[in-house]
Amino acid sequence: MSAMTLQQFLSREVQFGAMDPKLPPVILSITDACKTISHKVRQGALAGVLGMAGTENVQGEDQKKLDVISNDIFVEALCASGQVCGLASEEVPEVISVPADYPIGPYLVAFDPLDGSSNIDINVSIGSIFSITTAVRPKREAVEADFLQPGNRQVCAGYVMYGPQTQLVFTLGKGVLMFTLDPNTGTFVLVQENLRVPAEAKEFAINCSNMRHWEAPVKRYIDELLAGETGPRAKNYNMRWVAAMVAEVHRILQRGGIFMYPRDNRDPKKAGKLRLLYEANPMAFLMENAGGRATNGHMRILDIEPESVHQRVAVFLGASEEVDTVTGYHAQ
Ligand code: AHG
Ligand code: MN
Ligand code: MN
């Protein structure tokens, strides 16, 4: 196992000409923000970070204190990096501009500062998700239109999971890396290079309480998985649902399987629950870089042309055979 720190890894990439020297400050500002969040998560009630904030976000969801605190930590750290020209956050309706006293840089960052909010107060895994793209109009303050680039333009994406260990998983578009936060030194240390989604899936993740609302292709696919050995898939599947996309993706990257949050018939206007720019795109980029797949049931998530910053999307991601099967059912 390599003992390389994140900082050393990024310096090496820059040294070899494999990375723009302006990118490491962006990545390190995110991971610094996540270290601060991790510290607060570990203190929980002792730091007064549990419970409701008493406010709503743009999607009408009640905000937890830690949603708001994590958002503020992300914004502050990223603006101070001096390498961003705009930010988009799940917790803020409008695109966030860089205050006048900070320099403007070439990168745009979209993020979900705290994913899995319903797990915060019960001490179950949560995370932060980020997606970095290059501004089309660098050095100019970003507007919403600047963020509406397909996910295939991401230059870096990943997440930090606050679980039994705090781990960083990210991709620069050439494989997926995993780092563990060493609580003794406060540094992220490389623990695995080139994560690959196992080809054979034995587990699926979907919120089955929504079954009665699912569309026919999803119902068929899940029915077939549930039929097990005697069904058309001729094998038994196990099921997991952590209710934090970060944790489901983290499991799938290591142990395989498929994660789904389909659109359903509850509100036909809603194209799913998860958000394209700061949940689906970064996770799709990771999955594809780990040899897996990610679609909305019809097309590759990374090829979707976004229409708005908080746009929702159906998500099917994980082992390629499974994602191909359920995507194929949508075409029939
Ligand atoms: P967030 O906490 O950022 O709003 O995201 C929660 C998302 C996702 O992480 C998870 O997979 C899903 O919502 C859980 O949804 P259910 O409440 O339907 O289980
Ligand atoms: Mn989320
Ligand atoms: Mn969130």
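**View 1. The manganese ion (ligand 2) and the manganese ion (ligand 3) lie 3.7 Å apart and share Asp112, which coordinates both.** This is a predicted model, in which local features need pLDDT of at least 70, side-chain atom pairs count only at pLDDT 80 or more, and totals for chains, interfaces and linings use all residues. Residues are numbered from 1 along each chain as its sequence is written, chains are lettered from A and ligands numbered from 1 in the order in which they are written, and side-chain values use heavy atoms, with hydrogens and water left out. The manganese ion (ligand 2) has Asp112 (OD), Asp115 (OD) and Glu279 (OE) as its protein donors, at 1.9 to 2.2 Å. Donors are N, O and S atoms within 2.8 Å of the metal (3.2 Å for Na, K and Ca); water is not among the atoms, so sites may look incomplete. Along the sequence, the spacing of these donor residues is D-x2-D-x163-E. Asp112 has 0% relative accessibility and therefore counts as buried (under 20% relative accessible area; exposed is over 50%, partly exposed in between; 1.4 Å probe, protein chains only). Asp115 is buried as well, at 6%.

**View 2. The largest pocket holds about 470 Å³ of space.** Its lining has 25 residues, of which Gly116, Ser117, Ser118, Ala243 and Lys273 are the closest to the centre. On a 1 Å grid over the protein atoms alone, a pocket is an open set of points with protein on both sides within 12 Å along at least five of seven lines, a cavity is a set where a 1.4 Å probe fits but cannot get out, and lining residues have an atom within 4 Å of a point. Grid points are joined across faces, edges and corners, and a volume is the space filled by probe spheres set on the points. At least two lining residues come from each of strand S2 (62-64), strand S4 (107-115), helix H6 (245-255), S12 and strand S13 (274-275); S4 gives the most, with 3 residues. Helices (H or I, at least four residues) and strands (E, at least two) are DSSP runs, numbered from the N terminus. The pocket lining comprises 8 nonpolar, 5 polar and 12 charged residues. Here Ala, Val, Leu, Ile, Met, Phe, Trp, Tyr, Cys and Pro count as nonpolar, Asp, Glu, Lys and Arg as charged, and the others, Gly among them, as polar.

**View 3. The whole structure contains 2 cavities of 30 Å³ or more.** The largest cavity has about 80 Å³ of space, and the residues lining it include Ala110, Phe147, Gln149, Pro150 and Leu277. Strand S5 (126-134) and helix H7 (276-289) are the elements that give two or more residues to this lining. Its classes are 4 nonpolar, 6 polar and no charged residues. The second largest cavity, of about 30 Å³, has Trp214, Met260 and Asp264 among its lining residues.

**View 4. Pro306 sits in the loop between S14 and strand S15 (312-313).** Pro306 is buried, with a relative accessible area of 8%. Beyond neighbours within four places in sequence, Pro306 is in contact (heavy atoms within 4.5 Å) with Leu148, Gln149, Pro150, Leu276, Leu277 and Gln311.

**View 5. Helix H8 covers residues 320-331.** Its buried residues include Glu322, Val323, Tyr329 and His330. Their cover includes helix H5 (216-227), strand S12 (258-261), strand S14 (293-295) and strand S16 (315-318).

Note on methods. Expected span 1.5 Å × (residues − 1).
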